[in-house]
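I'm opening a page for this one and jotting down what I look up as I go.

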Amino acid sequence: DVAFTSDGKHLVSASEDGTCRMWDISSGDEVYRYARDSPLVSLAVSADSDWAVCGAKDGTVALLALLERRVVWEGGVPETAVLQVALAPDSRYVALIGSDGLVMAISMKGAQKWRYKADFGCLALAISPDGALVAVTGDGTKGVLLDAASGSLMAQIDSVANQMKAAAWDSEGGSLAVITNYRHFCIFAPDGRRLREFAHNYWFVRGTAVAASAAGNRLAVGF
């Protein structure tokens, strides 16, 4: 995974060699490095670029202070591999999904806020723009919308096809776009209602991604 800082001066990367690095774009120099013995599989950078969080296959999650070039905390879930991490838009908490259906929220101080066990294999994670809802989709036709404060189930979402591989909220948090492995993508309301569905002529493949425009009225789908 890679991400630009908000000022456009640095690039942050996380890779399977176990390193999370920050690069100076103008010079190409590495200016900070965090390293583990386990491959890093996910990265998220806060909107203000103060924080980065990365997740590893050994279940470790690390919060990094990018401006101070230091590790704030390391923790995680040794019983499962971390598949994806996300930072709440206001940097209130970190969310993660694991390979065994685990969904977890962690405070910025490293304390566990809550755990939820999905009855499907997790594939994608998306936090609403106001940080109030955590959307999780997976390898079946079901997904869940969780209350970010308590981890309680707020709504279920139901796709027309298996393997909901990626999810993204629009900028206002009024809808959630989800794509599946079987030519479909759906748009859901925050209460779980399916608003629209579309089908494409091509089979989506591994690595599929979806992103909403800043205005929330356009979707970009990669396959």
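This is a predicted model: local features need pLDDT of at least 70, side-chain atom pairs count only at pLDDT 80 or more; totals for chains, interfaces and linings use all residues.

**Cysteines**

I started with Cys122, which is buried at a relative accessible area of 4%. For the cut-offs, buried means under 20% relative accessible area, exposed means over 50%, and partly exposed is in between, with a 1.4 Å probe and protein chains only. Residues are numbered from 1 along each chain as its sequence is written, and side-chain values use heavy atoms, with hydrogens and water left out.

Next I looked at Cys54, which is buried at 1% relative accessibility. Which cysteine sulfur is closest to that of Cys54? It belongs to Cys20, at 4.6 Å, and that is too far for a bond. I then searched the whole structure for disulfides (a pair of cysteine sulfur atoms within 2.5 Å) and got zero.

**Overall make-up**

I counted zero helices and 22 strands in the protein. Both are DSSP runs numbered from the N terminus, helices (H or I) having at least four residues and strands (E) at least two. Of the 223 residues, 50% are buried.

The protein exposes about 10,300 Å², and carbon and sulfur atoms supply 49% of that. The areas come from the Shrake-Rupley method with a 1.4 Å probe, and for residues only the protein chains shown count as cover. I also checked contacts, meaning heavy atoms within 4.5 Å. Among those between residues at least 6 apart in sequence, 35% join residues at least 24 apart.

**The E1 to E4 sheet**

I traced an open sheet of four strands in the order E1-E2-E3-E4, with antiparallel pairing. Strands E1 (2-4) and E4 (30-35) are at the edges with a single partner strand each, so one side of each has no neighbour in the sheet. From one strand to the next, the twist averages 15°; axes here are lines fitted to C-alpha atoms (for helices over the stretch in contact), and angles run from 0 to 180 degrees between N-to-C directions.

Pairing needs at least two bridges found by DSSP between the strands. E1 and strand E2 (residues 10-14) pair in the antiparallel sense over three bridges. I looked up Phe4 and found Leu11 as its bridge partner in E2.

**The E7/E8 hairpin**

Strand E7 (residues 60-65) pairs with strand E8 (residues 70-76) in the antiparallel sense, over six bridges. Ala65 stands opposite Arg70 in E8. The hairpin has four residues between its strands, and Arg69 takes a positive phi near 55° there.

**The core**

Which of its 19 residues touch the most other members? They are Tyr93, Val103, Val134 and Val136. At least two core residues come from each of E10, E11, strand E12 (112-117), strand E13 (122-127), strand E14 (133-138) and strand E15 (142-147).

I followed up on Val134: leaving aside neighbours within four places in sequence, its contacts include Tyr93, Trp114, Leu125 and Val144.

**Serines**

Two serines went on my list for positive phi. Ser49 has phi near 65° and lies in the loop between strand E5 (40-45) and strand E6 (51-56). Is Ser49 buried or exposed? It counts as buried, at 7% relative accessibility. Ser91 has phi near 60° and is in the loop between strand E9 (82-87) and E10; its relative accessible area of 15% makes Ser91 buried.

Ser99 sits in the loop between strand E10 (93-98) and strand E11 (102-107). With a relative accessible area of 43%, Ser99 is partly exposed. Not counting residues up to four places away in sequence, Ser99 touches Thr80, Ala81 and Leu83. I checked the Ala81 pair: 18 residues apart in sequence, 5.5 Å apart in space, C-alpha to C-alpha.

Last entry is Ser107, in strand E11. Ser107 is buried at 17%, and beyond four places in sequence it touches Trp73, Arg92 and Lys113.

Methods. A nonpolar core is a set of buried Ala, Val, Leu, Ile, Met, Phe, Trp, Tyr and Cys residues joined through side-chain atoms within 4.5 Å.
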